[in-house]
Amino acid sequence: WIGGEKMVTNKDKVLSFVMEYDKECSSIGNELIKFNTEFISEKTNIQRANVSTILNQLVNEGKIKKYLGRPVLYSLSEEFKKNIETDEFGCLIGSDTSLKEVIQYTKAAITYPSHTPRILYIGEKGTEVSELGKCAYDFACHEGILKKNSEYLEIDCSLMDEKAFQSTFITKCEFVSKVNHGMFLIKNMDSISRKVLSGFID
């Protein structure tokens with residue numbers, strides 16, 4: 001089992017917004033999306049001076065490209081975009097900072113031979129558990145641990161009582177085993193008693 005907590009920093013917030021902004025603009029046909037410090041400051045509600053510092057850090061890390069002029073403009077670097085496209089975890093904010101260790105342990109657990117990995121993520125509400133789980137599934141498929149057409153299913157314990165959880169879990173397990181195996185993501189496990197969980201997960 002693996003535990004990990006993610007603290008969302010202002011740097012994560014800035015990069016997350018820039019990535020979403022670039023994706024949104026690209027979807028409507030804009031080829032090169034540029035922005036300035038003031039724009040990011042307004043959208044993220046982070047002080048302009050802090051945004052400037054963060055953007056320059058991201059430039060040094062190769063994630064952002066800087067265009068000198070008045071005003072100074074920035075854009076996502078092509079190298080960083082390619083990394084997002086080729087790394088299953090690259091789309092996660094903090095994949096090389098706050099989530100780096102969690103991702104390393106996740107990859108190690110999935111590729112460890114001769115066992116079925118069980119991974120426990122611990123984090124505050126709003127942590128990208130669903131996104132992390134889907135990336136782990138994509139990684140397992142890429143590594144040949146799972147077939148590319150295998151199932152990926154989520155169960156949110158906070159949306160059901162213990163009886164409903166047992167029924168849902170059994171139904172989904174039977175379905176996955178009959179089809180082609182796959183991966184489960186069980187969210188908010190603290191909503192279900194340990195006694196009930198142990199009967200399905202141990």
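These legends accompany close-up views of a predicted model.

**View 1. The whole chain, as a guide to the close-ups.** The chain holds 8 helices and 4 strands. Along the sequence, these elements follow the order α-α-α-β-β-α-α-α-β-α-β-α. The chain has 202 residues, and 36% of them count as buried. Among contacts with a separation of 6 or more, 61% join residues 24 or more positions apart.

**View 2. Helix α1 packs against helix α2.** The view shows α1 (residues 10–27) with α2 (residues 37–44). Two packed helices are described by the angle between their axes and the distance between the axes. Here the axes cross at roughly 105° and come within 10 Å. Angles of 65 to 115 degrees count as roughly perpendicular, so α1 is roughly perpendicular to α2. From α1, the contact uses K13, V14, F17, V18 and Y21. From α2, F39, I40, K43 and T44 take part. By class, this contact has 6 nonpolar, 1 polar and 2 charged residues.

**View 3. Helix α1 packs against helix α3.** The partner of α1 in this view is α3, residues 48–60. The two helices pack at an angle of about 75°, and their axes are 10 Å apart. That angle makes α1 roughly perpendicular to α3. On the α1 side, the residues in contact are N10, K11, V14 and L15. They meet I54, L55, Q57 and L58 of α3. The contact of α1 with α3 divides into 5 nonpolar, 2 polar and 1 charged residues.

View 4. Helices α1 and α4 each supply at least two residues of the lining. The largest share, 4 residues, comes from α1. By class, the lining of the pocket splits into 6 nonpolar, 1 polar and 6 charged residues.

**View 5. The second largest cavity.** Rolling a probe the size of a water molecule over the atoms shows where empty space is left. The model has 2 cavities of 30 Å³ or more. The second largest cavity, shown here, contains about 50 Å³ of space. Its lining consists of L15, M19, K63, F80, G90, L92, I93, G94, S95 and D96. These residues divide into 5 nonpolar, 3 polar and 2 charged.

View 6. S77 sits in the loop between β2 (73–76) and α4 (78–86). Its relative accessible area is 10%. Buried means under 20%, so S77 counts as buried. Leaving out residues up to four places away in sequence, S77 touches G62, K63, I64 and K65. E79 belongs to helix α4. With 65% relative accessibility, E79 counts as exposed. From C-alpha to C-alpha, E79 and G62 lie 7.4 Å apart in space. In sequence, 17 residues separate the two.

**View 7. The cis peptide bond at P71.** The bond from R70 to P71 is cis, and its omega is near -5°. P71 is part of the loop between β1 (64–67) and β2.

**View 8. Two asparagines with positive phi.** N45 has phi near 60°, a positive value in a residue other than glycine. It lies in the loop between α2 and α3. At 72% relative accessibility, N45 counts as exposed. N188 is not a glycine either, and its phi is positive at about 55°. N188 is in the loop between β4 (182–187) and α8 (194–201). Its relative accessibility is 28%, so N188 counts as partly exposed.

Definitions and conventions: Residues are numbered from 1 along each chain as its sequence is written. This is a predicted model: local features need pLDDT of at least 70, side-chain atom pairs count only at pLDDT 80 or more; totals for chains, interfaces and linings use all residues. Side-chain values use heavy atoms; hydrogens and water are left out. Axes are lines fitted to C-alpha atoms, for helices over the stretch in contact, and angles run from 0 to 180 degrees between N-to-C directions. Angles under 35 degrees count as roughly parallel, over 145 as roughly antiparallel, 65 to 115 as roughly perpendicular and the rest as oblique. Contact means heavy atoms within 4.5 Å. Ala, Val, Leu, Ile, Met, Phe, Trp, Tyr, Cys and Pro count as nonpolar, Asp, Glu, Lys and Arg as charged, and the others, Gly among them, as polar. On a 1 Å grid over the protein atoms alone, a cavity is a set of points where a 1.4 Å probe fits but cannot get out, and a pocket is an open set with protein on both sides within 12 Å along at least five of seven lines; lining residues have an atom within 4 Å of a point. Grid points are joined across faces, edges and corners, and a volume is the space filled by probe spheres set on the points. Buried means under 20% relative accessible area, exposed over 50%, partly exposed in between (1.4 Å probe, protein chains only).
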